[in-house]
Amino acid sequence: MKKLFAFIAIAALSACSSLKTNSDFDPGVSFDQYKSFAWIEKKSDSQYHLDGLMDQRVRNAVNNEMTAKGLKQVDAESADLLVNYLTKVDKKINVDTFHTNYGYNPYYYRGWGYGGSMQSHTTVREYEVGTLIIDLVDNKTDKLVWRGTVADTIKNKSTPEEREQLINEAINKVMLNFPPKPES
């Protein structure tokens with residue numbers, strides 16, 4: 001019975017996506033005017049976390065999403081939007097305490113009577129949350145017009161295919177909010 005319960009709990013948790021997305025934009029900007037994009041070239045930065053392969057996966061996923069939305073990739077001088085992304089990793093700590101009662105205590109002591117026994121178990125877990133931030137900048141005004149963020153617990157994916165799938169899913173989910181829908 002315990003195995004069945006554990007299996008159901010794991011299946012329910014794995015069905016839920018843990019990706020947390022958010023986006024913000026300048027409401028004074030008409031996003032219909034943007035027809036092309038280009039990447040901002042990164043300079044060397046000690047805060048830069050992605051290796052060359054992950055960098056290429058992120059760029060490919062963003063390129064695919066932007067192209068699917070009707071924007072064309074061009075050189076930086078003629079682009080309407082400039083695309084940049086940033087990454088950050090935060091360490092988090094999770095502390096859980098469980099109290100369990102194992103029924104009655106069969107020992108009888110004068111003045112104490114029958115009673116239960118309780119045990120506490122505390123688990124401390126340290127984990128990392130990775131955040132990917134995508135910025136879109138108007139090339140004419142040099143102003144940020146849209147920002148999307150996606151965060152998830154960092155898991156060690158063992159294959160390049162799994163890493164690529166995770167990046168594609170994250171970029172797809174955050175880019176659902178671009179271009180922003182006008183308020184009705």
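## Salt bridges

Asp90 is partly exposed, with a relative accessible area of 28%; buried means under 20% relative accessible area, exposed over 50%, and partly exposed in between (1.4 Å probe, protein chains only). The structure is a predicted model, in which local features need pLDDT of at least 70, side-chain atom pairs count only at pLDDT 80 or more, and totals for chains, interfaces and linings use all residues. Residues are numbered from 1 along each chain as its sequence is written, and side-chain values use heavy atoms, with hydrogens and water left out.

Asp90 forms a salt bridge with Lys88, with 3.7 Å between the closest N and O atoms. Such a bridge requires a side-chain nitrogen of Lys or Arg within 4 Å of a carboxyl oxygen of Asp or Glu, and the model has three of them by this rule. Lys88 is partly exposed, at a relative accessible area of 39%.

Arg147 and Asp135 form another salt bridge, their closest N and O atoms being 2.6 Å apart. This pair links distant parts of the chain, twelve residues apart: Arg147 is in strand S6 (residues 144-153) and Asp135 in strand S5 (residues 115-138). Helices (H or I, at least four residues) and strands (E, at least two) are DSSP runs, numbered from the N terminus. Arg147 counts as partly exposed at 32% relative accessibility, whereas Asp135 counts as buried at 8%.

## Helix H2

The side chains of Arg59 and Asp55 also meet in a salt bridge, at 3.3 Å from N to O. Both residues lie in helix H2 (residues 52-68), four residues apart, or about one turn of the helix. Arg59 is buried, with a relative accessible area of 14%, and Asp55 is buried at 15%. Arg59 also lies over the face of Trp39, 4.6 Å from the ring centre; the rule asks for NZ of Lys or CZ of Arg within 6 Å of the ring centre and within 35 degrees of the ring normal.

H2 has 17 residues and reaches 24 Å from its first C-alpha to its last, close to the 24 Å expected at 1.5 Å a residue. The expected span is 1.5 Å times one less than the number of residues. Buried residues in H2 include Met54, Val58, Ala61, Val62 and Met66. Just after the helix, Gly70 takes a positive phi of about 95°.

## Aromatic pairs

There are five aromatic pairs. Rings of Phe, Tyr and Trp (its six-membered ring) pair if their centres lie within 6.5 Å; planes under 30 degrees apart count as stacked, over 60 as edge-to-face and the rest as tilted. Phe31 and Tyr34 form an edge-to-face pair, 5.8 Å centre to centre with 65° between the planes, and both are buried.

The rings of Trp146 and Phe178 are 5.4 Å apart at their centres with planes at 65°, so this pair is edge-to-face. Trp146 lies in strand S6 and Phe178 in the segment after helix H3 (160-175), so the pair ties together parts 32 residues apart in sequence. Both Trp146 and Phe178 are buried. Ring pairs link Phe25, Phe31, Tyr34, Trp146 and Phe178 into a cluster.

## Nonpolar core

A nonpolar core is a set of buried Ala, Val, Leu, Ile, Met, Phe, Trp, Tyr and Cys residues joined through side-chain atoms within 4.5 Å. The largest has 27 residues, of which Met66, Leu81, Ile134, Ile171 and Phe178 touch the most other members. The elements giving two or more residues to this core are strand S2 (36-39), H2, strand S4 (81-105), S5, S6 and H3.

Leaving aside neighbours within four places in sequence, Phe178 is in contact (heavy atoms within 4.5 Å) with Phe31, Met66, Lys69, Leu71, Leu81, Leu136 and Trp146.
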